[in-house]
Amino acid sequence: MIRFENVGMRYGMGPEILRDVSFHLAPGSLHFLTGPSGAGKTSLLKLMFLASRPSRGLITMFGRDIATLPRAELPDLRRRVGVVFQEFRLLDHLTTYENVALPLKIQGKAEESYRADVKELLAWVGLGERMMAKPPTLSGGEKQRAAIARAVVAQPDVLLADEPTGNVDPDMGKRLLRLFIELNRLGTSVLIATHDHALVEAAGAPELMLNSGRLTIRG
Amino acid sequence: MAEPRAKIRPAAREKDVPLHEPRSFGGRLKAIMVETRSVMPAADGAGLSLILVIAAMCFLASLSLGAALTVGRTSADWARDLSGALTVEVKPSDAMPQDAQVEAVMKLLTETQGVLGADALSKADTEALLEPWLGKGNVTEDLPLPRLVDVRINPNAPPDVEALAQRLAEVAPGAILDTHRQWQTELVRAARSAQWLAYAVLAVVAATTIAIVTFATRSGLSANREVVEVLHMIGARDKFIASEVQRHFLHLGLRGGIIGLALSVATFIGLAWYGKSANSFLVPVSSLRIEFYPALAAVPIVAALVAMITARITVLRTLHRLL
């Protein structure tokens, strides 16, 4: 589904942030991405959600080589990847409902066709009562759940989450982990970047470990 | 009986949860003036100042356009009025008495093709004309005064003016035909200069508006960069983002333009009213005729289109820099 072969990445003329990274995310798999701060986790995720291009190596997503893919075809691939950003990146001027419905709106769907689904999803992540609240009035945990709901609302093939439990207490962290595992059971490939070793051990899933730009796979 | 109702209520309430924020009266008013229902944020500080800038530029553009149209029309009117009239000045001559001169002139004029009518000013009329300078009763009998004949000609089929002047001099020595041409040429030239000046001001205002709108659109976009990036990241196509952004700026431009137009129309009406009461304008501003208003109405539309096109070009350029 997503395959990296000897991928290297640098910003401008700087040092290589990622070196010879190779791995494969199979459909329906669950992985963790760990490593100390500055190890290159966010850069690796950026490559996976098509925010940057590698300096070298081969990345294939859904069978397409992204180096040769025309720019106009990238939005279609992005729609198959749901992303939970580390800093959430919810749009402050929209309500929680509008934020979560955004991926469906940009696909050109009519609101009547998704209104019920979005409400149901919001209820499922515990935001049923906060639908019309705007992000600045949400707590950290609520923003986190809204960001997750936005990432999964369009039923992507892959879900990438950058530190999704970074802003919540351990109990909420566990609840969110259950949410990801549930999504994974429903067929979505999930990759969770985290510092939280307890979370990794609780899930018992394979771990991609990044250290100084090099990747090793455990489990 | 109360039991089932209590059960129904929560479900009913959940169904009725409004998905957009409820609005107060002030909120609705703000929505009409500055907000657009799109994924772009409502006009914030930057949006409001863009509206104000566009309003000011449209106000100036409407004023200069209105002035150019009015002056153009007025000078055309002058040219038409004057070219429909001639004056024959009959100077006293030793060759024949003045009344005979006037009679000969009148006879010739009535026989000339293209002359619609002629009125000779009587001696009393001529003296009345001089009264402001010489005072009443101070004109002595032997003061040689020229007599004037006002001639109306058909502007569509005018007589041969040069031939007419020659014949007048023949039949009545001392008669001079004044075509007003010099006065007319100078007046029209002055009016045309004023008109071109107004068009030049309009061009400067238009260029400045485009520059300011471009600048304001760019700064508005950089304020909304986060929104554009997020839309891009979740798979929005460039066209979708551009159309959302351009609609936002179209609305801002239209609102600013309408405010500017309203102010300029109010100014024209105020000037017309003042001009009527003070009667002090050489160029009658009240002659901003009804047929000029559609031209003025085009000003906010053009401003809004400029804002929209600038936003579209800017956002597409910004997006092309992203992967």
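How many helices and strands make up the secondary structure of chain A? Chain A has 7 helices and 10 strands, where helices (H or I, at least four residues) and strands (E, at least two) are DSSP runs, numbered from the N terminus. The structure is a predicted model, in which local features need pLDDT of at least 70 and side-chain atom pairs count only at pLDDT 80 or more, while totals for chains, interfaces and linings use all residues. Residues are numbered from 1 along each chain as its sequence is written, and chains are lettered from A and ligands numbered from 1 in the order in which they are written.

Chain A comprises 219 residues, of which 44% count as buried. A residue is termed buried if 20 or more other C-beta atoms lie within 10 Å of its own, exposed if 12 or fewer, and partly exposed in between, with C-beta atoms placed from the backbone. In chain A, 69% of the contacts with a separation of 6 or more are between residues 24 or more positions apart; two residues are in contact if their C-beta atoms, placed from the backbone, lie within 7 Å.

Within chain A, H3(A) packs against helix H4 (residues 111–124) at an angle of about 120°, and the two axes are 10 Å apart. H3(A) is therefore oblique to H4(A). Axes are lines fitted to C-alpha atoms, for helices over the stretch in contact, and angles run from 0 to 180 degrees between N-to-C directions. Angles under 35 degrees count as roughly parallel, over 145 as roughly antiparallel, 65 to 115 as roughly perpendicular and the rest as oblique. From H3(A), A:Thr96, A:Tyr97, A:Val100, A:Ala101 and A:Leu104 meet A:Tyr114, A:Val118, A:Leu121 and A:Leu122 of H4(A). This contact has 8 nonpolar, 1 polar and no charged residues. Here Ala, Val, Leu, Ile, Met, Phe, Trp, Tyr, Cys and Pro count as nonpolar, Asp, Glu, Lys and Arg as charged, and the others, Gly among them, as polar.

The interface comes next. In total, 21 residues of chain A are in contact with 18 residues of chain B. On the side of chain A that touches chain B, the elements giving two or more residues are helix H2 (74–78) and helix H3 (96–106) of chain A. H3(A) supplies the largest share, 4 residues. By class, this side of chain A has 14 nonpolar, 3 polar and 4 charged residues.

Chain B contains 10 helices and 4 strands. Its 323 residues include 30% that count as buried. An open sheet of 4 strands in chain B has the order S2-S3-S1-S4, with antiparallel pairing; two strands pair if DSSP finds at least two bridges between them. Strand S2 (115–120) and strand S4 (175–178) of chain B are the edge strands, each pairing on one side only. From one strand to the next, the twist averages 20°. S2(B) is joined by 5 bridges to strand S3 (residues 147–153) of chain B, and B:Ala118 stands opposite B:Val151 in S3(B). Helix H6 (residues 161–171) of chain B lies across strand S1 (85–90) and S4 of chain B, and runs at about 160° to S4(B).

Further along chain B, helix H10 (residues 293–321) holds B:Val306. B:Val306 counts as buried because 22 C-beta neighbours lie inside 10 Å. Not counting residues up to four places away in sequence, B:Val306 touches B:Thr209, B:Ile210, B:Val213 and B:Gly253.
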